[in-house]
Amino acid sequence: MTAKLSANDLTLIRGESCLFQGLGFALNSGELLLLEGQNGSGKTSLMRAIAGMLSLESGEILWNDKPVNDQRQEFHGALVWLAHRTGLKGDLTLVENLRFEACLRPQANVDHDAVCKRLGIDRLKSLPLRALSAGQQRRVALARMLLADVPLWLMDEPFTNLDREGRALVMQLTEEHLAKGGMCVMAAHQDVEIKAQVTRVSL
Amino acid sequence: MNTPTPQQPGIFFGLLAIARRDLLLAWKRPGDVLNPLFFFAMVCTLFPLAVGPSVEQLTFSGPGVLWVAALLATLLSLNTLFMSDHEDGSLDQLLVSPQPLPVLALGKTIAHWLISGLPLVLISPLLAMTYHMPSAVMGVLMLTLLLGTICLSLLGSIGAALTVGLHRGTALLSLLILPLAMPVLLLGANTVSLAAGNEVYATGIWALGAYAIASLSLAPYATAAALRISNE
């Protein structure tokens, strides 16, 4: 299945300032869209706009050449979002959190234990998430991405709180996802070394 | 992708999943559940101490006091409905989930009612005894509170969704909800008073039922829209 995410002439105004104007991109299966820019340049806002959570001043975001707003549910069923805040419940355990997520979106047919082991969180299953370090919590959020069977990954600063090994793992996982025909929108201010077709957008 | 048609879980899965998650969270944090219940019990037991033990006065004011206390206890519990989800980012995740947002909002509201509304209904006969309420009237009180707390949880979820991004939005939330909650209070308290005076009270129950059904069918959509607005 091939999918396409594109946007044209996006303008976003927050308060008094115009974050971006006339911005456009096209992203096909197997490609990575890298959002670059300084702090406060609008990377997260653009990502929220793609996810349909911010209304734009002008422009349209298209999923398979149809406006996202006309097919919000289908589009949301095709994406998973790794946000700055993990969106996991601190009082629940890793397993309880992932079980809840599994009831929301289509799930990939993969072995949960293998995924947790690969992310190095297989020993933390029975602990409440609040007892985990920030980096470990981020790994749980990554597990949520890997378990979802969706083509589009939205990753907002995926390397935050991760150690060097974790950062390499994120790049490797992204590469594998793209190789399988997935697509990824990533906001990062670090050097990203991913072997794939990369489109850069500077904000 | 590796599978041609990924299986999307049905909407009742989403509804049950979020209700179950919220109940589990409440189970792990019992303090949040007990707060409104304590408030309700405290107001209802302190009132007779303050006004004196006259049977006539207590039977007269009982329905009103119980109902006002229940209303305020529900308002007190509402501001936490979406707050923790907003703080840890899981509200954002719900907004981008493929499940319809009104269904998820309804799931959260059902959990909220089970946690904070139903306990009020269940302990109300115990507190009604302080007001010398006959047991037949207690049944009416429980029925009106059952329907009334359902209305209040559903209407309150709209206000909670609108004020979720605001710090210290509790006062604003109460102000927003009070006009909508007023008919519930009037119907509930008056129905119980009528029942206590051996008069015809069925109309009030029907009206409360109609109000509950109207809120059940409209509030989830309003809550979903309010969540999208306040998360822009």
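The questions and answers that follow concern a predicted model.

Colleague: How is chain A divided in the domain assignment, and how many Å separate the centres of domain 1 and domain 2 of chain A?

Modeller: The assignment gives domain 1 of chain A as 1–78 + 151–203, and domain 2 of chain A as 89–150. Taken over C-alpha atoms, the centres of domain 1 and domain 2 of chain A are separated by 23 Å.

Colleague: Which element supplies the largest share of the side of domain 1 of chain A that touches domain 2 of chain A?

Modeller: The contact between these domains of chain A involves 12 residues of domain 1 and 10 residues of domain 2. On the side belonging to domain 1 of chain A, strand E7 (152–156) and helix H6 (164–179) of chain A each supply at least two residues. The largest share, 3 residues, comes from H6(A).

Colleague: Which strands are the edge strands of the open sheet of 4 strands in chain A?

Modeller: This sheet has the order E2-E1-E4-E5 in chain A, and its pairing is antiparallel. An edge strand pairs on one side only, and the strands in that position are strand E2 (17–28) and strand E5 (66–67) of chain A.

Colleague: Over how many bridges does E1(A) pair with E2(A), and which residue stands opposite Leu10(A)?

Modeller: Strand E1 (residues 4–14) of chain A pairs with E2(A) in the antiparallel sense, over 8 bridges. Within E2(A), the residue opposite Leu10(A) is Leu23(A).

Colleague: What is the bridge partner of Thr11(A) in E4(A)?

Modeller: E1(A) also pairs with E4(A) in the antiparallel sense, here over 5 bridges. In E4(A), the residue that Thr11(A) has as its bridge partner is Ser58(A).

Colleague: Which residue in the turn of the hairpin of E4(A) and E5(A) has a positive phi?

Modeller: E4(A) and E5(A) pair in the antiparallel sense over 2 bridges, and Leu62(A) stands opposite Pro67(A) in E5(A). The hairpin that they form has 2 residues between the strands, and the one in the turn with a positive phi, of about 50°, is Asn64(A).

Colleague: What is the average twist from one strand to the next in the open sheet of 5 strands in chain A?

Modeller: The strand order of this sheet is E6-E7-E8-E3-E9 in chain A, with parallel pairing, and its edges are strand E6 (79–82) and strand E9 (197–202) of chain A. From one strand to the next, the twist averages 15°.

Colleague: At about what angle to E8(A) does H6(A) run?

Modeller: H6(A) lies across E3, E7 and E8 of chain A.

Colleague: Which residue just after H2(B) takes a positive phi?

Modeller: Within H2(B), Pro36(B), Phe40(B), Cys44(B) and Phe47(B) are buried, and H3 and H6 of chain B are among the elements that cover the buried residues of this helix. Just after H2(B), the residue that takes a positive phi, of about 100°, is Gly52(B).

Colleague: Is Thr170(B) buried, exposed or partly exposed?

Modeller: Thr170(B) has its place in helix H8 of chain B. A buried residue would have 20 or more other C-beta atoms within 10 Å and an exposed one 12 or fewer. Thr170(B) has 17 of them, and is therefore partly exposed.

Methods:
Residues are numbered from 1 along each chain as its sequence is written. Chains are lettered from A and ligands numbered from 1 in the order in which they are written. This is a predicted model: local features need pLDDT of at least 70, side-chain atom pairs count only at pLDDT 80 or more; totals for chains, interfaces and linings use all residues. Two strands pair if DSSP finds at least two bridges between them. Two residues are in contact if their C-beta atoms, placed from the backbone, lie within 7 Å. Domain bounds come from an automatic or database domain assignment. Axes are lines fitted to C-alpha atoms, for helices over the stretch in contact, and angles run from 0 to 180 degrees between N-to-C directions.
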